[in-house]
Amino acid sequence: MQEENIFRLTEDEIFKELNTSNKGLTHNEAETRIQKYGYNEINEVKTSSLIAKFLSNFTNLLAILLWIASILSFVGRMPQLGWTIILVIIINALFSFWQEFKAEKATESLKKLLPQYVKVIRDGHLEQMLSKQLVPGDLISLEEGDHVPADARLMEAFEMRTINAALTGESEPVLRSSDVVLERDITLLDAPNIVFMGTNVASGSGLAIVYATRMNTQFGKIASLTQNIKQEQSPLQKQLTNVAKFITYLSLVMGVLFFLFGLIMGRSIADIFMFAIGIITANVPEGLLPTVTLALAAGVQRMAKRNALVKKLSSVETLGGATIICTDKTGTLTQNEMTISEIWTPINHYTVSGIGYEPKGEFFLGENKIDPKNLTDELSLLLKIGVLCNNSSIVRPSDGNPCWNVIGDPTEGAFVVLSEKAGFTKEDVLREFPLIYQLPFDSRRKRMSTLHNSGKDTYVFTKGAPKEIISVCSDIFYGKNEIKNLGQEEIQKIIGQNDKFAQDGLRVLAIAYKKIDSTIRDYTIDNTENNMIFVGLTAMMDPPRPEVEKAVKSAQNAGIKIIMITGDYGLTAESIARKIGIIKSLHPKIITGNDLDKLSAENLNYELKNKEIIFARAAPEHKMRIVAALKEMGEVVAVTGDGVNDTPALKMADIGIAMGKSGTDIAREVATMVLTNDNFASIVNAIEEGRAVYDNVRKFMTYIFAHLTPEVIPYILFALFNIPIPITVMQILAIDIGTETLPALSLGVELPEPGVMDRPPKPPNEKLLNFSVLFRGYILLGLISTVAVLSGYFWVLYSGGWHWGQILETTNPLSQKAATMSFLGIVIMQVANVFACRTEVASIFSIGLLTNKLLNVSVIFELVLTAALIYIPFLQKIFETYPVPIAYWLFYIAFIPIIIGAEEVRKWIIRKKLNVNM
């Protein structure tokens, strides 16, 4: 069967095509079809086993580096450190596994969206059964509040509207009809006689015949797209792999080269082996993985406090590197609450305050506030018509629902809210004008009418598109006693005002009424919607969130481009974008879904380079194509979404952002971040935190590299010049695993530094470990630290009577004193370095030297642990230290301001280049 044309078939043709009847399938035939088509369930994605996922966390390159460090600890006769490193590996593996396990549940959520039970006609009888038992050819009954369990063609529809947000992204109820569609340009998704799996019935009822189940539905096809998108490594994961490779190669090459060099120099095998282990151990950053994990986890916690929940740790840094945000309009930039803000009548132009569904606001005529008890005739009439010609209702806050909400069409709900602002409740007005009949909204005539009694009189109240309302009006209301003929001059005046509202991006509805003969009982469009009296226009909009404008400005200052992708009309999208600052130019580029279909890949890439661009009337496949094109252009793309239709784009994006309040389960599960308040401003806050995470990882790397130089260079001198061993392997391990671990971890929880959102995004291809990091760590801080350490080392040797060329055994007290001095020097220099590394660009004094409480405690712990290793006898034997006098500690104090001063000069130069003041 050609599914794409099913909406064009007559009832008899459909029954014949699906081999069924108006009595439905027989139970036997249904069982046969289940064998053929399978149960009506979404297929699960085949993934790696849980054991394989868990074990992979023990074999990544960073874990392998830690395994090497643990082996070296055992070789160095320090098993307790070896077991400690293994514990770190296990903890990180468990933590990473749990995060990944929670993040991969998209298919299960798809299944949860499906209804469990459905009403089906089998053998001519209405039965209730599990939705998974549906097959093509089944007849299903649908009523208000039901979920649609499969793709089906409507056979009957009674004032039926469905909410298709899960597929189209638009939350406004859409009228459904059982009529055959003959228009050529209609697609399956736009056909009014089709209902789709995963959508909801907002009002009315209907009878439909199932033509597609499981993965053959539109819902299933989107799920298939989501499942087939390969999950790529995040930029941070790729960068850490490169860092691990660099450190591994550096360690092994240096170890092997100097091992061979030692042989050539005639050193003993024992010395050479110790030297090789020392070089390798000195270069392995044992704290890298836990520090990165802590930095990411700290970022996650801070984001959660700012209404952004991140499910995948590595995604925190990815968001910080975002160069483009592709955002929805409705509910993300706006409040998703239609609000009537202006009312125009032939007599007056009113404005209304208050936004959203809470009926709190006032009416103004110019600057004068209107007393609700003294409304003008035309305003009172308009308000009553708006609330009577209406199928929506307002829901007041309760214990289970703290917010004001609307049941039904949001546009109609806006009229209910408007009337309550004036003191009219729908119930009170209905008592005055009881409903006797309704002519529902029709997409062809674009209006709706209700008939009401008032005493002995009968009235028709109508609302709809302005031009369609004008077409059925013969008069215009100027007051109870002044109804004039609707002439061409008045018509032009109404159309002119309608155009002004439209240019402001407002949605406009017109209001009209008339009194009819009370003896009429057969109400039709022909005998009711004619010779009506025009009352006025209402202009409404989904208001932008008040904090979004500031967030957009912040994102733009940070060099992030914002692209709106919406299913709404271009004019409305442009108006909202202009109000919140996304669009500033007079003629932005607006591309509709139809325009996009005609663009080649090359032309789309060209259009995406526009500084200001909006995609309107966009379908799910359009969003996915835009994201794919941006990624091919090298951008780091963040994408927002809330419906099933958004899931392919959410999963394809570098970071998918789902709505927590309005989003579907599948969108929340596929996304890597969920906004608990559905607010664009939270995205910008999360980007700030993401940038801080990236900065913190770099700070840690700089801090680690700063101590590698004073560990490695003394070993090189040891190999070249036969000096006493400057620092033992055990002391290196004590630094790497013990003294500097907590200070390094504390850098991972630094808050975003001042000015972080005034910098452009880091280039997508920028390496985590680049020349800047290497220069700052290995050279600038590393060499200053090395000079300090070697100064102390040689001062102790010469003070003890050592002369150049003299060989000292490692057990010699002077050799132990010198090695302890080197050990102490590296520790104290790292104290200076950790404070210098707290900021990348801002002055350390701009954030306060002692504001990181965890760092302060960590430094105290570092110094106490160092003292314990030097002065406690049994630790002296393990770490080969010597109880040096206090003067040795004081020797290094003079080098602390040199390190911090050098860093302050470097940061000042960078601020000048970036032209920022911090």
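Reply: Start with a term: two strands pair if DSSP finds at least two bridges between them. Helices (H or I, at least four residues) and strands (E, at least two) are DSSP runs, numbered from the N terminus. This is a predicted model, where local features need pLDDT of at least 70, side-chain atom pairs count only at pLDDT 80 or more, and totals for chains, interfaces and linings use all residues. Residues are numbered from 1 along each chain as its sequence is written, and side-chain values use heavy atoms, with hydrogens and water left out.

Me: OK. Which strands does β10 pair with, β22 and what else?

Reply: Strand β10 covers residues 339-344. With β22 (residues 532-541) the pairing is antiparallel, over 5 bridges. There, W344 sits opposite L537. With β11 (residues 349-352) β10 is also antiparallel, through 3 bridges. I343 has Y350 as its bridge partner in β11.

Me: How many residues link β10 to β11?

Reply: 4 residues, in a hairpin.

Me: Is β10 mostly covered or open?

Reply: Mostly covered, with 5 of its 6 residues buried. Buried means under 20% relative accessible area, exposed over 50%, and partly exposed in between (1.4 Å probe, protein chains only).

Me: What about the largest nonpolar core, how many residues has it?

Reply: It has 134 residues. A nonpolar core is a set of buried Ala, Val, Leu, Ile, Met, Phe, Trp, Tyr and Cys residues joined through side-chain atoms within 4.5 Å. L319, F534, M673, F680 and M701 have the most contacts inside this core. Helix α26 (residues 680-721) gives the most to it, 19 residues. Another core, of 39 residues, lies apart from it and includes Y350 and F424.

Me: What does M673 touch?

Reply: Leaving aside neighbours within four places in sequence, M673 is in contact (heavy atoms within 4.5 Å) with residues including L319, I655 and A686.

Me: Switching topic: where is T425?

Reply: T425 is in the loop between α14 (410-421) and α15 (426-432). Its side chain makes a polar contact of 2.9 Å with that of D428. A polar contact is a pair of N or O atoms within 3.5 Å; within protein, one must be able to donate a hydrogen and the other to accept it, and residues adjacent in sequence count only if both atoms are side-chain atoms.

Me: Why is T425 called partly exposed?

Reply: Because its relative accessible area is 21%.

Me: Last one: what is the mean pLDDT?

Reply: 83, and 86% of residues reach 70 or more. pLDDT is the predictor's confidence in each residue, from 0 to 100. Over residues 102-115 the pLDDT is below 50.
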